[in-house]
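The stops below run from the whole chain down to single residues.

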Amino acid sequence: MPPTDEQPDGPPMTLRLILVRHAKSSWDDPAQDDSDRPLNARGRDAAPRIAAWLAERGHIPAEVVSSTARRTVETWERMAPTLGECTVMRRDPTLYHAPAQRMLEVLNHCAASPVLMLGHNPGIGEFAARLLKARPDSARFTTFPTCATLVADFDAGDWSEVGFGSGRVVEFVTPKDITG
C-alpha cells in the first residue's frame with residue numbers, strides 16, 4: 001500500500017551539527033596578521049579536552065569544515081587524534097569571520113552527518129543562536145567563548161533543507177564546564 005499523509009514512510013532523518021568556536025589564540029605578536037595567529041597554551045589545552053568530551057558522548061564528526069585561519073586549523077589538528085584523523089576535513093576561506101548567513105550557506109552544502117564546523121565570533125555565536133528553536137540554558141551561550149561547542153540536531157534529509165530556527169539543542173559546553 002502506498003504511503004499516505006496518515007502513514008508516513010518512516011521517521012524523518014536527523015542531521016547533527018557540532019559547532020565549535022576556535023580555541024584561545026595568541027596575541028603575543030601585535031604585528032602578526034590576524035589570520036596567522038596560532039593557539040596559545042590555554043587553547044592548546046582546551047581543544048583536546050573538548051574533543052575528549054565529544055568522543056565520550058559519541059559525537060564523532062563525519063565531515064569537518066573549517067575557516068582557513070591558523071587558529072581554527074590548529075584547533076582541529078588538536079581535536080583530530082581523538083575524533084578521527086580520517087574524517088573528511090575541508091578548509092573554506094569564506095568561513096574566516098563569516099556572518100551567520102554565510103555559515104548557513106556553507107552548512108547547506110555539506111554532505112555527511114555529523115558535521116563539525118569551526119569558525120569565529122561574532123559570526124559563530126550569531127549562527128548558533130539563529131539556528132536553534134530554543135537556546136540552551138547557559139549564560140555562556142550568549143558570548144560563545146573560545147572553544148565553546150554546540151551540538152544540535154535537525155529533522156531533515158539533507159543539509160540543504162536546514163534553515164534558521166530549525167535546530168534542537170543536544171548539548172552545549174565550554175572548556176570551563178569540563179573538569180580535569
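Start with the surface of the whole protein. Its accessible area is about 8800 Å² (Shrake-Rupley method, 1.4 Å probe; for residues, only the protein chains shown count as cover). Carbon and sulfur atoms hold 50% of that area.

A note on what you are viewing: this is a predicted model, where local features need pLDDT of at least 70, side-chain atom pairs count only at pLDDT 80 or more, and totals for chains, interfaces and linings use all residues. Residues are numbered from 1 along each chain as its sequence is written, and side-chain values use heavy atoms, with hydrogens and water left out.

**Whole chain**

Switch to cartoon. There are four helices and six strands. Both are DSSP runs, numbered from the N terminus: H or I over at least four residues for helices, E over at least two for strands. Their order along the sequence is β-α-β-α-β-α-β-α-β-β. The radius of gyration is 17 Å, close to the 16 Å of the globule rule for 180 residues, so the protein is as compact as a globular protein of that length. That radius is taken over C-alpha atoms, and the rule is 2.2 Å times the number of residues to the power 0.38.

Show the C-alpha trace alone. Its spans along the principal axes are about 70 × 35 × 35 Å.

Colour by burial next. Of the 180 residues, 47% count as buried. Buried means under 20% relative accessible area, exposed over 50%, and partly exposed in between (1.4 Å probe, protein chains only).

Now draw contacts, meaning heavy atoms within 4.5 Å. Of those between residues at least 6 apart in sequence, 74% join residues at least 24 apart.

**Strand β5**

Select residues 149–155, strand β5. Is this strand enclosed or open? Six of its seven residues are buried, so β5 is largely enclosed by the rest of the structure.

Seven bridges join β1 to β5, and the two run antiparallel. Strands pair if DSSP finds at least two bridges between them.

Zoom in on Thr-149 in β5. Val-20 has Thr-149 as its bridge partner. In β6, the partner of Thr-149 is Val-173.

Step back to the loop between α4 and β5. Select Phe-144 there. Its phi is positive, about 40°, although it is not a glycine. Phe-144 counts as buried, at 0% relative accessibility.

Move on to Cys-147, in the loop between α4 and β5. Here phi is near 65°, a positive value in a residue other than glycine. Cys-147 is buried, with a relative accessible area of 1%.

**Two cis prolines**

Which peptide bond is cis at Pro-114? Select Ser-113 and Pro-114: the bond between them is cis, with omega near 0°. Pro-114 sits in the loop between α3 (100–108) and β4 (115–119).

Next, select Asn-121 and Pro-122. The bond from Asn-121 to Pro-122 is cis, with omega near 10°. Look for Pro-122 in the loop between β4 and α4 (123–131).

**Last stop: Ala-55**

Select helix α1, residues 41–56, and pick Ala-55. Ala-55 is partly exposed, at 28% relative accessible area. Beyond its neighbours within four places in sequence, Ala-55 is in contact with Ile-60, Thr-82 and Leu-83. Draw a C-alpha to C-alpha distance from Ala-55 to Glu-74: they are 18 Å apart in space and 19 residues apart in sequence.
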